[in-house]
Amino acid sequence: MSRKKTPKSKGGSAPATSALPATHGSRPVRPGTARPGPDAPPNGPPQPGRSSLGGGGDFYDVAFKVMLVGDSGVGKTCLLVRFKDGAFLAGTFISTVGIDFRIWDTAGQERFRSVTHAYYRDAHGVLTGPLPPALLLLYDITNKASFDSIQAWLTEIQEYAQHDVVLMLLGNKVDSAQERVVKREDGEKLAKEYGLPFMETSAKTGLNVDLAFMAIAKELKQRCMKAPSEPRFQLHDYVKREGRGASCCKP
Ligand SMILES: Nc1nc2c(ncn2[C@@H]2O[C@H](COP(=O)(O)OP(=O)(O)OP(=O)(O)O)[C@@H](O)[C@H]2O)c(=O)[nH]1
Ligand SMILES: [Mg+2]
């Protein structure tokens with residue numbers, strides 16, 4: 001992962017890498033930034049047992065890779081930018097082309113699918129060693145076709161991703177209530193059918209965006225660091241408990 005900003009390229013799936021600060025709670029550092037937050041330790045010299053991401057001198061106990069997948073235009077890049085920068089990419093839609101290495105952003109358009117396949121396969125090996133990667137699978141609640149594609153995406157994920165991948169279904173653009181064509185219940189039903197945690201999100205308002213990344217961060221962290229005596233983190237329950245509805249005022 002490079003932290004240098006590169007010009008935004010054009011493109012459908014967006015991998016990102018997150019890291020958990022070593023000792024200060026479980027809040028994930030936003031992908032592509034890896035800066036210490038106010039309560040995170042300053043980056044110092046390498047410490048035993050810690051890994052450096054991208055050779056940039058930031059040290060973490062745990063780093064993991066997150067890929068955002070789904071049809072072109074569902075908002076993968078915007079979700080990532082919202083999480084990383086707290087901003088919304090309004091205006092002209094610039095589709096991701098190939099891979100943007102700044103944030104490991106890849107394209108979801110059909111013609112770039114082979115690139116995405118390669119990323120599934122290598123998703124756990126490049127940066128994070130044996131940790132399973134996480135996938136956020138998005139559809140756009142204002143675009144029925146993107147919802148109908150979810151089953152095909154799941155088939156692809158089954159084929160190419162690790163069997164123990166952490167997977168969550170997100171219905172994005174929930175701020176666009178007037179244009180909604182996919183009911184929340186339909187998203188919930190599909191998620192239940194496949195045993196996936198589910199939330200509706202908005203990259204525009206930020207609704208549930210941090211929560212989605214936080215939830216997978218918690219799940220991944222407990223998978224690799226949980227002491228046998230600790231209770232298991234319940235991803236489904238956490239998402240249900242913490243997720244906010246679209247009608248709520250606060251993101
Ligand atoms: N209203 C609204 N618009 C959004 C939201 N997220 C993304 N958009 C808009 O949807 C369009 C597509 O967003 P992108 O994030 O580029 O879509 P993508 O999934 O990365 O598309 P590809 O790179 O082609 O795979 C842009 O015009 C965004 O401004 C959202 O939460 N709400
Ligand atoms: Mg994109």
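Helix axes are lines fitted to C-alpha atoms over the stretch in contact, and angles run from 0 to 180 degrees between N-to-C directions. The structure is a predicted model, in which local features need pLDDT of at least 70 and side-chain atom pairs count only at pLDDT 80 or more, while totals for chains, interfaces and linings use all residues. Residues are numbered from 1 along each chain as its sequence is written, and side-chain values use heavy atoms, with hydrogens and water left out.

Helices α4 (residues 150-160) and α5 (residues 184-194) have axes that come within 12 Å and cross at roughly 25°. The two helices are therefore roughly parallel to each other (angles under 35 degrees). Ile150, Gln151 and Leu154 of α4 meet Leu190, Glu193 and Tyr194 of α5 (contact: heavy atoms within 4.5 Å).

Aspartate 140 lies in strand β6 (residues 134-140) and is buried, with a relative accessible area of 4% (buried: under 20%, 1.4 Å probe, protein chains only). Beyond its neighbours within four places in sequence, aspartate 140 is in contact with Gly73, Val74, Ser146, Asn172, Lys173 and Val182.

How values were computed
Chains are lettered from A and ligands numbered from 1 in the order in which they are written. Helices (H or I, at least four residues) and strands (E, at least two) are DSSP runs, numbered from the N terminus. Buried means under 20% relative accessible area, exposed over 50%, partly exposed in between (1.4 Å probe, protein chains only). Angles under 35 degrees count as roughly parallel, over 145 as roughly antiparallel, 65 to 115 as roughly perpendicular and the rest as oblique.
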